[in-house]
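Good morning, colleagues. Please turn to the structure on the screen, and I shall take you through a few of its features.

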Amino acid sequence: MGTMWRNTTVKNRLNLRCGSLLPAGITILAAAMAAPGQSQTIAPSPAGAGGFSSTAGSGSTGRSGTPAQGVGPVILPRDFAQLRIEPGDLLSVNVYDTPEYTDSYRVDPSGDLTLPLCGKVKVQGLTAPEAAKLLETALKDNQVLNRPQVKVDVQQYAGQYVTVLGEVANPGRVTVISPTKLSEILSQVGGLTPIAGTRIRIRHGEDDTGPEVEAHYSRSETNQQTESILVRPGDSVIVPRAGIVYVLGAVFHPGGYVMQEDGKLNVAEALALSGGTVLQAQTNGLRVIRRNPDGTVLDFALSYDGIAKGTQTPLELQAQDVVYVPMSKLKATLSDATGILSSATSAAIYTAR
């Protein structure tokens, strides 16, 4: 019979069986953490070294990235029908009536599966049925079988992850095996902290040069962008800190205040957040100290009385600005701008609730 071992009919189907999937006021920010959210579909644990055992049918779209080490929470897709094969996956290949080829094969880092007498077959990015058809073609083209019948099961998915950094309750890695909604990723790391900014950055790729997408997040509105944006394995999610301005001196609650929601805050609003000025305050000696990126310092002299009367427009503040209200005219003259900036580093941070 030579190398033409057996005749079979082409049969290409995916038979992956899946077990059940687990389905007012101002508060000082000491160790405040956002309340953890809940994911809708969570797997109990990876199987093997950084992989997921699955005999299930498949989920969303293709995957890319580096295999994870089973670190952090795990998110599985609801639908496995179109899940793509990636490096590190363990495939169960069954060639009908040919036990010599029926075995488990690990996809190598290049995305290839090595089949005896056929060499390397590129299976990365294919679904299991597509991989089965390609293996049938390889067996036939290499004159190993005349009409091969192959079935491919994904025995183990290689774990991959999304890295979440910045102002979230539990920064780290979330293990995923398919593109996942940004909202589900955020829920797995405990949600955003009270001082998180409103612009979340999603960096595609494994290095800092990858393209970025920006998503808007608001505590007071529906967050449709976090529901519609998909995060892929290998991506990074960066949640920056919100801008903070400091109100120091003769006010009732000196400290740092988060620039909530739209990131805008003027002098009058900042003073209101701090509880207003005390009786002994020298309101006409109001100052705003700003450090530029080049290290130079700007010192704006303002009149709170003028702002209250409407004769002076409140200055729009920038992140890290310091609003300083002196206790007397003498202190307003003697206070050094650099010293005021330095004192802001030890100020308590407040966040609006």
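This is a predicted model: local features need pLDDT of at least 70, side-chain atom pairs count only at pLDDT 80 or more; totals for chains, interfaces and linings use all residues.

I begin with a hairpin: strands E16 and E17 form it, with five residues between them. Which residue of E17 is the bridge partner of Val245? The partner is Tyr257.

The protein chain contains seven helices and 21 strands. Of its 353 residues, 47% are buried. The chain exposes about 17,200 Å², and carbon and sulfur atoms supply 52% of that area.

I turn next to backbone geometry, and to two residues in loops. Asp97 has a phi near 60 degrees, a positive value in a residue that is not glycine. Where does Asp97 lie? Its place is the loop that runs between strand E4, residues 90–95, and strand E5, residues 103–106. With a relative accessible area of 48%, Asp97 is partly exposed; the cut-off for exposed is over 50%.

The second residue is Gln320, which is likewise not a glycine and has a positive phi, about 75 degrees. Gln320 sits in the loop between helix H5, residues 304–309, and strand E20, residues 322–325. How is Gln320 classed by accessibility? Gln320 counts as partly exposed because its relative accessibility is 47%.

Thank you for your attention.

Methods. Residues are numbered from 1 along each chain as its sequence is written. Side-chain values use heavy atoms; hydrogens and water are left out. Helices (H or I, at least four residues) and strands (E, at least two) are DSSP runs, numbered from the N terminus. Buried means under 20% relative accessible area, exposed over 50%, partly exposed in between (1.4 Å probe, protein chains only). Accessible areas come from the Shrake-Rupley method with a 1.4 Å probe; for residues, only the protein chains shown count as cover. Two strands pair if DSSP finds at least two bridges between them.
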